[in-house]
Amino acid sequence: MKELLLFQAGNIQFGLNLPLVKSIHSVNARLAEQEGGGQKLMQVMDGEELPLYDLPTILTDEASSADPISQKVILVEAHEHPIALGVDRVKQVVSVSSDRIHPLPLIFNGLSQRCFPRVLKHEDGLILLVNPEEIESLE
């Protein structure tokens, strides 16, 4: 059995391998200047700034649609450093058998295949499972 954290970004449900999740927090973001003149969202955690990847904006091309109270930040480890994933809503933790998790069909390739290498068959639907180590390459 595998445990997965299900969450929502925009109108789409996604999943994340629960052992990758370090903690879940309320949003405490600010814009920080980047080298080269751009700005980047940062999540402030215990006085430290972590890169914040706003998944509703990145994955669905729409701003967060959820009530600000329900918006959360999922802290995960990626490439041996923490990153923060902004989501509209954390749904639930589910335990599923491995036979309900399948590779993403080969019709999808490149970035899609790297960011969502597996899909979960759950309650008559499919849920993309996020590989947080590739999320940094989406921006």
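Which residues does Leu 55 touch, not counting residues up to four places away in sequence? They are Phe 7, Ala 9, Thr 60, Leu 85, Gly 86, Val 87 and Ile 135, where a contact means heavy atoms within 4.5 Å. The model is a predicted one, in which local features need pLDDT of at least 70, side-chain atom pairs count only at pLDDT 80 or more, and totals for chains, interfaces and linings use all residues. Residues are numbered from 1 along each chain as its sequence is written, and side-chain values use heavy atoms, with hydrogens and water left out.

Leu 55 belongs to the largest nonpolar core, which has 19 residues. Such a core is a set of buried Ala, Val, Leu, Ile, Met, Phe, Trp, Tyr and Cys residues joined through side-chain atoms within 4.5 Å; buried means under 20% relative accessible area, with a 1.4 Å probe and protein chains only. Strands E1 (2-9), E2 (12-17), E7 (72-78) and E8 (81-87) each give two or more residues to this core. Apart from it lies another core of eight residues, including Leu 6 and Ile 127.

In total, the protein chain has three helices and twelve strands; these are DSSP runs, numbered from the N terminus, of at least four residues for helices (H or I) and at least two for strands (E). E1 and E2 run antiparallel and are joined by six bridges; strands pair if DSSP finds at least two bridges between them. Leu 4 has Asn 17 in E2 as its bridge partner. E2 also runs parallel to strand E12 (residues 125-129), with two bridges, and Phe 14 is partnered there by Leu 128.

Note on methods. Buried < 20%, exposed > 50% of the residue type's maximum accessible area, 1.4 Å probe, protein only.
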